[in-house]
Amino acid sequence: MNLLLWEEEKGIVYQFTSGLAVDELKKMADSVGVGTPPTPPDQYEIVSDTQEITAEKAAEWLGSPLLLPTKQPEGAIISYSYTKSDNEESVTVNFNSSTKPDDRFFIDIMKGDIQKEVGNVPYIDGKSTVKEIKLANGTTAHACQYKAWSPTDPNLTALQVLFWEPSKGVIYKTFGFKSIEEYVKIAESVK
């Protein structure tokens with residue numbers, strides 16, 4: 001899988017995740033907002049469904065209390081969403097900042113096997129980028145990279161990703177423009 005993540009003006013973030021080649025994803029990204037979109041058919045299958053939910057509903061789906069980081073952006077505004085697709089369900093916790101938009105981040109929470117998740121990390125240039133990191137509480141986290149591209153930052157070639165299992169069968173994953181060291185601090189503050 002390849003991931004293309006970029007930010008447009010006014011803080012709007014787009015994400016394409018696909019088995020398509022990065023060049024094809026770039027062509028798709030370049031076409032966003034250009035021309036007239038095709039008229040959708042009368043009936044079509046929805047690949048995924050995302051809905052805003054409450055913290056209580058997120059914990060109910062998880063089957064246990066939500067563990068959230070104490071390291072949050074200044075003036076944090078927290079929101080929750082639930083996404084269901086053909087092969088995955090997850091809860092996303094968004095941490096936005098009312099004063100420093102660049103401090104925002106999110107955590108995807110999913111049920112699953114951490115070793116399977118390690119095996120699903122895409123290779124970059126034929127090599128695995130997965131590295132184990134021990135968090136302060138002894139939990140093993142996995143740091144890796146996803147290929148990325150940005151029309152506003154030509155130097156961006158990869159996103160930093162950190163995922164870990166704070167409790168058996170529950171995987172937390174955060175990624176984006178921060179350094180792995182910043183994501184480790186966030187992970188270590190999850191309580």
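Read along the sequence, the protein runs β-β-α-β-α-β-β-β-α-β-β-β-β-α, a secondary structure of four helices and 10 strands. Helices (H or I, at least four residues) and strands (E, at least two) are DSSP runs, numbered from the N terminus. The model is a predicted one, in which local features need pLDDT of at least 70 and side-chain atom pairs count only at pLDDT 80 or more, while totals for chains, interfaces and linings use all residues. Residues are numbered from 1 along each chain as its sequence is written, and side-chain values use heavy atoms, with hydrogens and water left out.

Of the 191 residues of the protein, 38% count as buried (under 20% relative accessible area, with exposed over 50% and partly exposed in between; 1.4 Å probe, protein chains only). Among contacts (heavy atoms within 4.5 Å) with a separation of 6 or more, 45% come from residues 24 or more positions apart.

On one hand, strand 4 (residues 76–85) and strand 5 pair in the antiparallel sense over nine bridges, with Ser81 opposite Thr92 of strand 5. A hairpin of three residues joins strand 4 to strand 5. Strand 5 also pairs with strand 6 (residues 105–111), again in the antiparallel sense, over five bridges; here Phe95 has Phe105 of strand 6 as its bridge partner.

Of its 47 lining residues, the closest to the centre are Leu3, Gln15, Thr17, Asp108 and Phe175. On a 1 Å grid over the protein atoms alone, a pocket is an open set of points where a 1.4 Å probe fits, with protein on both sides within 12 Å along at least five of seven lines, and lining residues have an atom within 4 Å of a point. By class, the lining has 19 nonpolar, 15 polar and 13 charged residues (Ala, Val, Leu, Ile, Met, Phe, Trp, Tyr, Cys and Pro being nonpolar, Asp, Glu, Lys and Arg charged, and the others, Gly among them, polar).

Finally, Ser189 lies in the segment after helix 4 (180–188) and counts as buried because its relative accessibility is 9%. The side chain of Ser189 reaches the backbone oxygen of Ile186 at 2.9 Å. Leaving aside residues up to four places away in sequence, Ser189 touches Leu68, Pro69, Thr70 and Lys71.

Conventions
Two strands pair if DSSP finds at least two bridges between them. A polar contact is a pair of N or O atoms within 3.5 Å; within protein, one must be able to donate a hydrogen and the other to accept it, and residues adjacent in sequence count only if both atoms are side-chain atoms.
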